[in-house]
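Student: I'd like to learn how to read a protein model. Can you walk me through one?

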Amino acid sequence: MKRIAMTLFALSALPALPVSAAPARKLFADFEQLPPEPDSAYARTLAAHQAEAAHRPAQLVPTLRQPTFLDVDATLQWTSANFSALGKPKWEILHQDITVEILPASSELKTAIVATVRAHQPVDSLSLLTMAVSAIKVEAVDGTPLKVSASKMGGYSGLSVELPAPLTPEVDWKLATTATAKLNCNPQGIGLLPCGIGGTYQWVTFHNYYLTPAASHSPFKSTLHVVTAANKVAAAQGIPTGSDTLADGRKVWHFEQPERTENAGFAVAEYVQNTAKLVNDKPLRVFTTTKYASSAKNMVELATKVVGVYSADFGDFPWPGLNLMQLENNFGGGYAPLSGIFMYRDVYAASPGTGYWYSTTELTAHEIGHQWWGNLVEPATNGDVALSEALAEFSSCLYTEKYMETRSQIIGDNLSYLYRVPANEDMPVGAQGVYGTPSYVQIVYHKGAAVFEMLRNEIGTDHVLKSLKQFAVEYNRDYASLKNLQAVAQNVSKKDLSWFWNQWFDKKGAIEAEVAGRLLVDAEGGYVVRLRVHQTAAKPFRFTVPITVDYAALKSEVKLVEVNPKGEATTIVEFAVAARPIRVRLDVQRSVIRKFATGTPGDFNLSGQVDGADLVELALRYGRAMRIKAKNGQEYFFSDSGWNELYDLKPDRRIDMADVDALDQWVGTVAEEF
Amino acid sequence: MTTSQTFKRFAGRSASTRLAFCAALLAAAAGCGQETAVTAPVTADASIAADVAGAADAKGAAIAEPKVVGAGHSEGPYVELSGSWSADAQRVTITVWAGDLPNLLGLAAHLVWDPAQLELTASDALNLTEESEASGFAWRHVLKAIAPGRLTAGSARFRSVSHPYAYPEGAKVSRDPWLKLEFRVLATGPLKIGFDDATQLARKAEGEFIPVQWIGATVEVPAGFAIGGAP
């Protein structure tokens, strides 16, 4: 910026009243962990995300938490289609042919699996994990019994199978297991088997595996056969390949999963299908009960549109088709294995134009996002789970911003992190142990999405989308890390983003800053806005903030202004403006994870002076709140997309008459010189 | 209509003087809301000067008193000034009117004048619509002389109770007095009182700006008029 002779416009004769002379004031309200307002949109979103998060892998005993296969030989070259990040194991399960049947009367799940095993080195015993089974039998596919010892491992059973002879490398061999597992269904329980055995819907979802040689990352192809009563229909991810009728009248429903994946599930009900064509004529099947068959047409349209949008943004829809399955309401949210999505009942009843449609769209767009983020590209480690959840949520936010024309989802996510995570539960988005914090959803889903939103400020939306598309190409059917995405984004944007990744994925916290403004005129009579950003954090944040400058005659412009403190608490930034502004507004669309307070208290419009215009600005924000009191006196967290803490002059998370009263003492105050 | 909570007094005015100030306004034919809207340039309060006691020069000839001349507004939202000379108070009294404002949430501006010519001695902000506990709304005002010759004024309509489900709501303002000002005359000639362009704003409850005619006025102080007045 050119050097300019600054004078304080119009008020230059006035002595600046130093803010430091003012009584010390509190900038932000104290943290208070309030429960979400029941039945609010935020409560629904949080519940949906928490329900989905319940499908995360259970916390296994430490000795079984290997990052990849149990027996990886890093020196071997891995040549299977993709999943190159796995390294090559000594042996693996390539395919599982799975037959399942829920026995509602006894709350049991019967499973018969024929696993195709391939060794890459001589192996004479196999260590396997499966669900916690009450009875198991393992034999070679020719019927030869195999000696097996089982041990309980948390919610799992660890199996050690002695082989009759060492496996010959690169020659496929099969083993068969039959097992019975006692189901103790909790739709949102943590562990292998979230499940439900209700009168209408019966279902089991498996996060990661049926039978696996590893605690994580052992993708396999499969065929699934679900045995049901004669009047029931089974639904699952993959390609439905028909059904057979057993001699006793029961039915068997067949599904082919041609892709290697670890995530699966099935559901049984008196389902009917709505069908449509996705992009490239791939089939969409929506399974609901008859009662919801008509309203589910809205879901068909929505899913078709979302898949189309994502296909354009992130690359072609990668799977042979997509199946959506209706479960009971206490499922709470969604779960999205590869090419399938389970969601709770009422989203299939929603219709456009209703309030519930927005929540439905958010959830559906999030779950469809997982077809790319979490399935096509899988997180390499627990610390990379943002690649699944944060990107799915961010994708959904992009969708609702563009096609629902509202930013309330991303703003809600931003506020959810800022106002719902106590300091002692905060962790970096990319922390390996982030699963362990009670604020996992607010950190990974919500802050994570807001972090990707901030990336739009740094490299632009086009580059963000281009990076995601490129990322999906490079890590197609593979495991990836957050660092891998950083590399792609840097390559696309030609910008060093190491500071951004370090600040937002490797470190916790959010921006807290006082911002003061002054309006200056340069030597040529042009106007310049100068801002002072004072951060209190030990390591001040670097960020780019959109600043809206409003002029007379109803004209506005938005400027992206970088605040780069370089370790200093106070940063001065300035920019030329086209004319004398009426007001200057910070981050109107809340695209930064921040709390701002006025550096010149009450100077909401950053004019450099507290005056009548600030009262009018305050009136526009009056009533916005992050807390709400119910009739019974109980206070709840309230997610208010119109919230702006800048106006909470007497900080209590409400913009109320106390703030109006507080403004009076500052009227006439002029920003101190900086 | 009740007066605002903010009333600033200058130059040692007493409470009784203030009452006299208001009484003088009420007595004025065009004062306190009795004026009709003008749609063409008019001389505001032109008739008032004749109603008040005149001064006389040394030879006993009548000397004209100050009068306030405003340009008048055209059709559409406006904020304009009218005023008169109060012989009792020895002050120029100014009323700032707001009118034709639909769904007004708030308005603000800086009034500016030459402090060498006029001295602000009293100011008051008024509610633009009748509000009460029953209506559930109240006007709040900002009114402060922030520099010689500069007064910041702002008024906004707030709900009595703040609640996230209760959004701001504007009011229709037909023609109502917004500000009452009183000046001591320090000079003769045309003395301008106006609004600083860059500080003028009026907003609807949805945040939309309302294009408003901000119309100042001139205090015409005849040569030979005894400037000043009671302190």
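This is a predicted model: local features need pLDDT of at least 70, side-chain atom pairs count only at pLDDT 80 or more; totals for chains, interfaces and linings use all residues.

Student: How do I check the length of a helix?

Tutor: The expected span is 1.5 Å times one less than the number of residues. Take helix α4 (residues 389-403) of chain A: its 15 residues should span 21 Å, and the end C-alpha atoms are 21 Å apart, so the two agree. After α4(A) comes A:E405, with a positive phi near 55°.

Student: How many residues of α4(A) are buried?

Tutor: A residue is buried if 20 or more other C-beta atoms lie within 10 Å of its own, exposed if 12 or fewer, and partly exposed in between, with C-beta atoms placed from the backbone. In α4(A), 12 of the 15 residues are buried, so to speak mostly covered; among them are A:A390, A:L391 and A:F394. For chain A, buried residues make up 48% of its 674 residues.

Student: What do the buried residues of α4(A) pack against?

Tutor: Contact means that two C-beta atoms, placed from the backbone, lie within 7 Å. Those buried residues pack against α2 (296-314), α3 (355-369), α5 (408-420) and α6 (440-459) of chain A.

Student: Now the sheets. What is the order of strands in the open sheet of four?

Tutor: Two strands pair if DSSP finds at least two bridges between them. Here the order is β11-β12-β18-β15 in chain A, with antiparallel pairing. At the edges are β11 (195-197) and β15 (233-236), each pairing on one side only. Three bridges join β11(A) to β12 (residues 202-206) of chain A, and A:I197 stands opposite A:Q202.

Student: And which order do the strands take in the open sheet of seven?

Tutor: That one runs β7-β10-β5-β4-β14-β17-β16 in chain A, and its pairing is mixed. The edge strands β7 (135-140) and β16 (239-245) of chain A each have a single partner, so one side of each lacks a neighbour in the sheet. Six bridges link β7(A) with β10 (residues 172-182) of chain A, and the two run antiparallel. One bridge pairs A:V138 with A:T177 in β10(A).

Student: Which residues touch the most other members of the largest nonpolar core?

Tutor: In soluble globular proteins, nonpolar side chains tend to be buried together. A nonpolar core is a set of buried Ala, Val, Leu, Ile, Met, Phe, Trp, Tyr and Cys residues joined through C-beta atoms within 7 Å. The largest one has 232 residues, and A:F266, A:A267, A:A390, A:V444 and B:V79 touch the most other members. Its largest share, 13 residues, comes from strand β6 (residues 91-113) of chain B. The residues that A:F266 touches include A:V100, A:W203 and A:L224, not counting residues up to four places away in sequence.

Student: How many residues of chain A are in contact with chain B?

Tutor: 28 residues of chain A are in contact with 30 residues of chain B. On the chain A side, α10(A) gives the most, with six residues.

Methods: Residues are numbered from 1 along each chain as its sequence is written. Chains are lettered from A and ligands numbered from 1 in the order in which they are written.
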